[in-house]
Amino acid sequence: MTEIVAHTLLVLATVVVLVPLFFVLVLLFVRGAPLLGISFFTEPPRDMNKAGGIMPAAVGTLLLMAGTAAISLPVGVAAAIYLREYAPDNRATRLVRLAILNLAGVPSVVHGLFGLGIFVILLRFGSSLLASWCTLALLVLPTVITASEEALRAVPDSLREASEGLGATKRQTILRVVLPAALPGILTGAILAMGRAAGETAPILITGVAFFCPELPHGVFDQFMALSYHLYVVATQVPHVPPELPYATAAALIQIVLATSAVAVVARAHLRRRRLA
Amino acid sequence: MTDRRALLEGAFRWAVTCAGFASAGAVLLILGFLVAESAGLFLSQAPGEPGYPVGSFLTETRWLPIKNPPVFGLVPLALGSIVVTAGALVIAVPLGLAAATFLAEVSPGWLREVLKPTIELLAAIPSVVIGFVGLSVVAPAVKSLFHTQSGLTALTGSIALAIMSIPTIVTIAEDALAAVPMSYRDASLALGANRWQTTWRVVVPAAAPGLLAAVILGAGRVLGETMAVLMVTGNAANITLDPRDSVRTITATIAQEMGETARGSDHYHALFALGAVLYLVTLATNGLASSFLERARRRMSGAR
């Protein structure tokens, strides 16, 4: 009897946990539907964000994702190669691991403060796309390192031994044998990182995003718009916004984030199949 | 040729080692930078102009950055963060642990394979979206249910943050439960206990350190969360323990005021001091969680 009651409660809790996910998705797409046409994605905002589309914000978000990945991926994969293939099992290595673990726990707004101090002010990038790229790259770095290291660990040692047995050096083995085999896992990590870069708001708010800027950035030292901050703006900072506008903006942001996750899943399955063939 | 090859080997090794240590060094760099920028508030900037007293920062109960002279009191903001976090945990911990227990101990394998990624998908929803939904749905509900003035309360923030911390709690707690060896369950069932008794009296106690780590990491996520609280808690720096009041958290203060302050001003340095406090608290939280995870790992590998 208690078992039935207890299990029923557990099922109920699980349902309650799942409800918000579907509720949020349905709410955003239903309430935003009137605006979600092609022109919403291709037109710039007008009238201080009260009308028009989200084109520069959507492009800005895609730029953020690409730049963040381009900076964090080489550093993160290299760090993972060090940890998995080279690092001795000693105190220093354990400290490095501990530090990277802690980097993952740093709140995003603190990353923003750091980015403001280092990239915007000290390195004179100004409030810019470049400063936001660097800030977000540091923020997602632990994700990239962890995913890449796991992917490297999953490559069987027999592959490494076979390569080195044929006379390849350690570097050749890593670059030509281990990395290609680990690619699906590494890509999944990179795509996760891009999804995170698309959703983050506080760090870019401090380091470079623009309130209203209908033109696309002309270079990396320009300010830019982004969907996440744009949602914050139309939801809280601009009076008399048409009610559907923030819903549609949120729906667009969710689409990008979820599409990114979907790409990760598909790319991973595809690469794994190719490797098995 | 061999010289060139040896050089390449060395260069490659050197490059990846640098990347590893640089990534780790970032943690120290962030800490050093926050401390250095905070110091600008407390140290004298010019002769005859004393710095802001540390004691006042830690004990003053008001945060009035643009008053003349300004007052930078940590207390109302820290209290705001604590009230919102505590409220979020009260909601998220029972739900998260129960869902994790369902996934690990009750649900058939195929269902777990579907549900766990789905719950993790919840973690992918950006906090600004949760904040917006909190603003448009949760706040009006709180307002009419509790007859508060605006609906923008600590409770509204707690609900939004509970939704954000649940995936963390479920994922880590489910891992902890799944790591309990099958032999424990088999022994309990063989002695005549039913499945629930086995779960409650054997599996949950065995997984306790990991479950605790899940809760602590969930708390860490809530404490550092910015956009959702900024949008739904009303941002009044009140001294209150009542979840129906409007509060202002450390994170929201940084995000909201950093854009309006002059670089190098006392206010600017005070916001870095808030960042340093937040950073130290999250470091401690993560340290605590990893020590519990380590304990869980040792316990499980010791007894098989």
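This is a predicted model: local features need pLDDT of at least 70, side-chain atom pairs count only at pLDDT 80 or more; totals for chains, interfaces and linings use all residues.
Why does P126(B) count as buried? P126(B) has 25 C-beta neighbours inside 10 Å, and a residue is counted as buried when 20 or more other C-beta atoms lie within that distance, so P126(B) falls into the buried class.

**P126(B) and its surroundings**

- Along chain B, P126(B) is found in a loop, with helix α4 (109-122) on one side and helix α5 (127-146) on the other.
- Leaving aside residues up to four places away in sequence, P126(B) touches G199(A), S228(A), L253(A) and V257(A).
- W110(B) is 16 residues from P126(B) along the chain, and the C-alpha atoms of these two residues are separated by 28 Å.

**The contact between chain A and chain B**

- Where the two chains meet, 65 residues of chain A are in contact with 63 residues of chain B.
- On the side of chain A that touches chain B, the largest share is contributed by helix α1 (residues 2-32) of chain A, which supplies 16 residues.
- When the residues on that side of chain A are sorted by kind, 48 are nonpolar, 14 are polar and three are charged.

**The make-up of chain A**

- Chain A contains eleven helices and two strands, and, when they are read along the sequence, their order is α-α-β-β-α-α-α-α-α-α-α-α-α.
- Taken along the principal axes, the box filled by the C-alpha atoms of chain A is roughly 70 × 70 × 40 Å.
- Chain A has 277 residues, and 49% of them count as buried.
- If one considers the contacts in chain A between residues at least 6 apart in sequence, 76% of these contacts join residues at least 24 apart.

**The domains of chain B**

- Chain B is divided into domain 1, covering residues 2-51, and domain 2, covering residues 71-302.
- The centres of domain 1 of chain B and domain 2 of chain B, taken over C-alpha atoms, are separated by 31 Å.
- The contact between these domains takes eight residues from domain 1 of chain B and eight residues from domain 2 of chain B.
- On the side of domain 1 of chain B that touches domain 2 of chain B, five residues are nonpolar, two are polar and one is charged.

Terms used: Residues are numbered from 1 along each chain as its sequence is written. Chains are lettered from A and ligands numbered from 1 in the order in which they are written. Helices (H or I, at least four residues) and strands (E, at least two) are DSSP runs, numbered from the N terminus. A residue is buried if 20 or more other C-beta atoms lie within 10 Å of its own, exposed if 12 or fewer, and partly exposed in between; C-beta atoms are placed from the backbone. Two residues are in contact if their C-beta atoms, placed from the backbone, lie within 7 Å. Ala, Val, Leu, Ile, Met, Phe, Trp, Tyr, Cys and Pro count as nonpolar, Asp, Glu, Lys and Arg as charged, and the others, Gly among them, as polar. Domain bounds come from an automatic or database domain assignment.
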